[in-house]
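The sequence and structure are shown first.

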Amino acid sequence: MNNPNTFLPAEWAHQHAVLLTWPHKNTDWAPILAEVDQLYLQLAKEILKRENLIISCADENKLEHIKSELDTSNGQYKLSVYHIASDDTWARDHGPITVFKDNKPVLLDFNFNAWGDKFQSDQDNLINIRLQQSGAFPHYLFEKIDLVLEGGSIESNGEGVMLTTSECLLSPTRNPSYSKQTLEQTLQSLLGIKEILWLDHGFLAGDDTDSHIDTLARFCAADLICYVKCEDPNDPHFEALNKMEAQLQSFRQPNGEPYRLKALPMAEELVDDGERLPATYANFLIVNGAVLVPVYGVEQDQPALTALQECFPEREIVPINCYPLIKQHGSLHCITMQIPAGDY
């Protein structure tokens with residue numbers, strides 16, 4: 001049952017900070033670590049133009065380097081860097097999910113098991129509590145939740161509607177004892193959700209997350225959803241993404257009206273080591289005053305940027321080349337987690 005005192009903000013709500021978990025040599029990033037480091041620095045600089053940045057870094061030798069590269073002495077916003085162990089770097093999924101309870105921001109620390117125990121995750125599952133113990137969130141309440149839930153698997157419109165995929169949330173490797181009904185009721189209570197829209201179709205080849213919603217469809221406003229559209233009948237995604245589009249068209253707002261929909265192009269096939277990569281323009285990050293958009297150096301980049309500018313006419317659209325990220329099967333939204341601003 002919906003909890004009227006709890007509220008899950010949309011990503012475009014005013015933000016206090018963004019979290020990053022820095023790549024290190026003991027991760028799968030090792031072969032391209034220098035390249036990925038530069039991407040993280042570029043991303044960090046864009047964030048610090050607009051809000052605070054909180055970084056956890058497992059490599060103690062990198063702490064001062066990061067601080068010197070991201071010198072904020074002349075800036076408006078604060079950089080905080082913490083030495084914290086990590087298995088990997090996907091802050092969207094191990095990071096806390098922020099709700100408001102009685103108008104106070106609360107960081108919910110859900111369990112993270114690396115998308116159904118696909119990879120090692122013991123250290124990543126402790127990052128939130130270690131950040132909290134290190135003083136990273138002094139104005140926020142903190143609650144540990146004994147449920148597996150990744151930030152990339154849910155989308156909020158800020159008005160009580162949540163968008164997700166059944167393939168991910170109902171995966172037997174996440175919360176096997178929960179039925180769909182029980183999980184829905186639990187999330188409604190924990191997150192203050194009134195309605196959950198379940199997408200039953202859609203996937204990206206090479207995706208490790210069991211179809212996270214943030215790779216497929218995103219709220220851009222309370223009544224507007226952008227989504228990945230495949231135009232090529234010969235592409236293996238064509239049928240599933242067209243079924244996803246039809247389901248999105250069938251969804252209705254609480255007032256009975258259909259949602260406004262905006263198609264994003266499907267990035268052309270990108271292959272690394274013989275495997276197709278899950279490149280998607282839906283994996284953007286909304287920050288204060290801007291939308292940071294992954295691009296991949298392909299011809300669909302510009303149409304995607306144009307479409308997202310139409311979705312966010314009041315925000316600056318900032319492209320960031322995320323080809324290095326997609327080699328590890330994730331993109332810009334996957335490595336970031338926003339912390340909404342509290343009333344303090």
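A cavity is a set of grid points where a 1.4 Å probe fits but cannot get out, and its lining residues have an atom within 4 Å of a point. In this predicted model, the second largest cavity is lined by Leu204, Ala205, His237, Met266, Ala267, Glu268, Glu269, Leu270, Arg276, Leu277, Pro278 and Ala279. Its volume is about 50 Å³.

The structure contains 4 cavities of 30 Å³ or more. In the largest cavity, 16 residues form the lining, and Leu8, Pro9, Arg92, Ile154 and Gln338 are the closest to its centre. At least two lining residues of the largest cavity come from each of strand S5 (97-101), strand S8 (155-156) and S19. The largest contribution to this lining, 3 residues, is that of S19.

S19 also belongs to an open sheet of 4 strands, ordered S4-S3-S2-S19 with mixed pairing. Strand S4 (79-83) and strand S19 (336-340) are the edge strands; each has a single partner strand, so one side of each lacks a neighbour in the sheet. From one strand to the next, the twist averages 20°. Strand S3 (residues 52-57) runs parallel to S4 and is joined to S4 by 5 bridges. Within this pair, Leu53 is opposite Leu79 of S4. Helix H1 (residues 33-48) packs on the sheet and touches strand S2 (15-22), S3, S4 and S19. The direction of H1 makes about 170° with that of S2.

The pockets are open spaces. The largest pocket is lined by 20 residues, and those nearest its centre are Asp28, Asp88, Trp90, Trp115 and Phe119. The second largest pocket has 14 lining residues, of which His16, Lys78, Ser80, Ala136 and Pro138 are the closest to its centre. The largest share, 3 residues, is from S3.

The table sets out the volume and lining composition of these spaces.

| Space | Volume | Lining by class |
|---|---|---|
| Largest pocket | about 290 Å³ | 6 nonpolar, 8 polar, 6 charged residues |
| Second largest pocket | about 170 Å³ | 8 nonpolar, 5 polar, 1 charged residues |
| Largest cavity | about 220 Å³ | 8 nonpolar, 5 polar, 3 charged residues |
| Second largest cavity | about 50 Å³ | 8 nonpolar, 1 polar, 3 charged residues |

Notes:
Residues are numbered from 1 along each chain as its sequence is written. This is a predicted model: local features need pLDDT of at least 70, side-chain atom pairs count only at pLDDT 80 or more; totals for chains, interfaces and linings use all residues. Side-chain values use heavy atoms; hydrogens and water are left out. Two strands pair if DSSP finds at least two bridges between them. Axes are lines fitted to C-alpha atoms, for helices over the stretch in contact, and angles run from 0 to 180 degrees between N-to-C directions. Contact means heavy atoms within 4.5 Å. On a 1 Å grid over the protein atoms alone, a cavity is a set of points where a 1.4 Å probe fits but cannot get out, and a pocket is an open set with protein on both sides within 12 Å along at least five of seven lines; lining residues have an atom within 4 Å of a point. Grid points are joined across faces, edges and corners, and a volume is the space filled by probe spheres set on the points. Ala, Val, Leu, Ile, Met, Phe, Trp, Tyr, Cys and Pro count as nonpolar, Asp, Glu, Lys and Arg as charged, and the others, Gly among them, as polar.
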